[in-house]
Amino acid sequence: MRLSFFFILLIISSECLASTSAKDWAKVTQPTKTTGLSQSIGTYTSGCLRGAAALPVTGNGYQVMRLSRTRFYGHPDLLSFIKKMGNAATQQHWGTLLIGDLGQPRGGPTLTGHRSHQTGLDVDIWFRLAPEATGSQLSIEDRETWAATSVLAEKSDAINRKHWSPINEHILEAAANLSEVDRIFVNASVKRQLCTDNSGQSWLRKIRPWYGHDDHFHVRLKCPADNPECRIQDAVPKGNGCDASLAWWFSAEAKADLLAPKKPATVPVLPAQCQVVLNE
Ligand SMILES: [Zn+2]
């Protein structure tokens, strides 16, 4: 009798120690109630966020899309970045920025869509802009149904001029020039276009070619200075990246790589602190 009680205890406690799954993180609907500083913990692909803030879904120069996903939480630094870009959009008459995913209320792995976005320092911004005069705000339904338009001509590496303009370049340049931005992921064709149009510009260094990212760009912020548990990624390579490393993306090898079946991503082991964040 005593022994079986002991075993039950053992089972319960080992359950508590078991690593968390994306499901656990997706279920949480509120950020932690933090009195101190917000903390990004771990890496972009294996981490979490204590004391997240919710981005207001409509702001000056921007609107958040796909509200049903409730991925509009981030580190306060990320919210200031988005608001700064929104203000620039209004001042420069770029149109209204359409904001995709930030992170979940406590960060962590997501069930769908991303490997990163776990520490509240990543945000997706659509290449498509809404007309500036969105005093006629997008409805909840518009935000669910509007499509993020690809800037590539169908099934090719060519830029589709119908969906790409110098405004997209101005937006990427403005974002890359902000010191809090670590890097920005875009489709290789977008990077190539930027290299052609902005030859020799040092801000191009932060613009990184990556798979997909033809209907949005992904901005990643540096670790906030006062977040000691936040782990930064290796620095971007020197130079503006408009070289052979970019040409590789258009090679037969890269195309084959793209088509090759991908191993399912292994579930990352989160820092122990994230278990605390989840249970707080
Ligand atoms: Zn992203």
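Start by selecting helix α3, residues 76–92: this helix lies across β4, β5 (62–64), β7, β8 and β11 (216–221), and runs at about 150° to β7. The angle is taken between N-to-C directions, on a scale from 0 to 180 degrees, with axes fitted to C-alpha atoms, for helices over the stretch in contact. Contact here is for two residues whose C-beta atoms, placed from the backbone, lie within 7 Å. Helices (H or I, at least four residues) and strands (E, at least two) are DSSP runs, numbered from the N terminus.

A word on what you have open. It's a predicted model, where local features need pLDDT of at least 70, side-chain atom pairs count only at pLDDT 80 or more, and totals for chains, interfaces and linings use all residues. Residue numbers start from 1 along each chain as its sequence is written.

**Stay on α3**

Now colour L78, L79, F81, I82, M85, G86 and A89, which are buried in α3. Buried is the word for 20 or more other C-beta atoms within 10 Å of a residue's own, exposed for 12 or fewer, and partly exposed for anything in between, with C-beta atoms placed from the backbone. Those residues cover an arc of only 160° around the axis, which puts them on the same side of α3. The arc is that of the directions from the helix axis to the C-beta atoms. Why does such a pattern come about? An α-helix has 3.6 residues a turn, so residues three or four places apart point the same way.

Step just past the end of α3 and click H93, which takes a positive phi of about 55°.

**On to the sheet**

Next, show the open sheet of seven strands, in the order β4-β5-β7-β8-β11-β9-β10, with mixed pairing. Two strands pair if DSSP finds at least two bridges between them. Which strands stand at the edges? They are β4 (58–59) and β10 (207–210), each with a single partner strand, so one side of each is left without a neighbour in the sheet.

Zoom in on β7, residues 96–99. T96 and L98 point one way from β7, L97 and I99 the other way, and all are buried. Towards β5, the two strands run parallel and are joined by three bridges, with Q63 opposite L98. Towards β8 (residues 122–130), the pairing is antiparallel over three bridges. Look there for T96 opposite A130 and I99 opposite I125.

Then select helix α5, residues 166–176, which lies across β8, β9 (181–187), β10 and β11, at about 150° to β9.

**A hairpin stop**

Select β1 (residues 39–43) and β2 (residues 46–50), which pair in the antiparallel sense over five bridges. A hairpin of two residues joins β1 to β2, and Q39 stands opposite R50. Is β1 buried or exposed? Four of its five residues are buried, so β1 is largely enclosed by the rest of the structure.

**Zoom out**

Of its 280 residues, 35% count as buried.
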